Amino acid sequence: MFYRSGTKNDFTTLLGIVGTLVVIGLLFIYSSSSIYAAQRFNSAHYFLKRQLIGVLLGFVGFFIARKVSQEFLYVWTPAFFFGSWFLTCLTLIPQLSSRIHGSSRWLSIAGFSFQPSELLKIAFIMYLARFLSKRKDKPFTFIAAYLPFLILTGLVAAILLAQPDFGLAVTLIATAVALLFITGFPLLHLTIVAGILITLAGALIYSQPYRLKRILIFLDPWKDPQGAGFQIIQSLIAIGSGSWWGSGISHSKQKFFYLPMQHTDFIFSIIAEETGFIGSTVIVILFLLLAYYGMKIACQLKSTFATLTTLGFTILITLQGIINFCVATGLLPTKGIGLPFISYGNSSLICFLCMIGIIGNFVEKTTQ
């Protein structure tokens, strides 16, 4: 009984953390986007209203994901994976997709636009968790384990890189490798995978001039302060000007058309400017707590599939948060990855809340 109540309490705490992040996101989406929205759409609340729709749809998805049977999730995961992969492939058809910032990541059908790659996040992790749970207590051979993993990750990476979405491809593959390590995949095979991935990443960076330019600018953004280095320099100015306590909520100066993508990929910079080191630290602590409780819950679940899926979701959310922090602070090249639950983006928010709903589903089945 104590075990069951403890798991439920952990999930309640996790929900509180997620809810806090969502509320913080709404606050700073309005603060960071109001000037831009007022100029472009004649409404300072434009992005806030759209994000509120995402919150509503996200909680609908959360409750649906929480009520679907675990058996249904397990059986239909392959169909979900290949369906979301197919939808992501459709973004390569110009008539069906919207190209934004040089990437075709959005499907536009009947006036409705969404990112199918966000669904692919969920499906890929669940499919990998299903595959690894079926391999439980079986030897990891090349044909039965290593080759299927390479094919699976190859399918995902190929379509994401074709969009292109290099950042998401790296994040998902890193999550997959982490799950393999947790499940005891042979270190020799993991080393080979890491070597292959690093080689491919280097080749992909070198093959595309804009990626190579990002790396060079990352190393020294002041070489081109008015061009490629402008965004990261403005981000660092925003973070540095926040000092300890910040300039005050809604008092950012960088949102006045200095910092591009201030309500999406670089919203952390605005948070740091307005709330300072103290507010930034609170955000980081919330993500660390999310990681802690997510992993703690995963270790208490009954089925291997549920445990690995929960671990995968937790690792993905945490890793995406870490990458976003590092990009905003100039520790990584720009990746085009938002801050989970906080950055503007309905597709992302809905899918992250669905992940939390699936975790809640597993907790409910464990505590019955």
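Q: Where is tryptophan 244 placed?
A: In this predicted model, tryptophan 244 sits in the loop between α9 (230–241) and α10 (267–300).

Q: Buried or exposed, tryptophan 244?
A: Tryptophan 244 counts as exposed because its relative accessibility is 52%, and the cut-off for that class is over 50%.

Q: Which residues form the nonpolar patch on the surface?
A: Trp244 and Trp245 form that patch with Phe277, Ile278 and Val282, and together they have about 580 Å² of accessible area.

Q: Which residues touch the most other members of the largest nonpolar core?
A: Those are Ile283, Phe341 and Ile342, in a core of 85 residues.

Q: What about the phi of phenylalanine 341?
A: Phenylalanine 341 has a positive phi of about 70 degrees, though it is not a glycine, and its place is the loop between α11 (304–328) and α12 (346–367). Most residues other than glycine have a negative phi.

Q: Is phenylalanine 341 buried or exposed, and what is it in contact with?
A: Phenylalanine 341 counts as buried because its relative accessibility is 3%; beyond neighbours within four places in sequence, its contacts include Val18, Leu21, Leu290, Ile317 and Phe352.

Q: And which peptide bond is cis?
A: The bond from glutamine 163 to proline 164 is cis, with omega near 0 degrees, and proline 164 lies in the loop between α5 (142–162) and α6 (166–182).

Note on methods
Residues are numbered from 1 along each chain as its sequence is written. This is a predicted model: local features need pLDDT of at least 70, side-chain atom pairs count only at pLDDT 80 or more; totals for chains, interfaces and linings use all residues. Side-chain values use heavy atoms; hydrogens and water are left out. Patches are made of residues with over 30% relative accessible area and no salt bridge: like charges are joined within 9 Å, nonpolar side chains (Val, Leu, Ile, Met, Phe, Trp, Tyr) within 5 Å. Accessible areas come from the Shrake-Rupley method with a 1.4 Å probe; for residues, only the protein chains shown count as cover. A salt bridge is a side-chain nitrogen of Lys or Arg within 4 Å of a carboxyl oxygen of Asp or Glu. Helices (H or I, at least four residues) and strands (E, at least two) are DSSP runs, numbered from the N terminus. Buried means under 20% relative accessible area, exposed over 50%, partly exposed in between (1.4 Å probe, protein chains only). A nonpolar core is a set of buried Ala, Val, Leu, Ile, Met, Phe, Trp, Tyr and Cys residues joined through side-chain atoms within 4.5 Å. Contact means heavy atoms within 4.5 Å.
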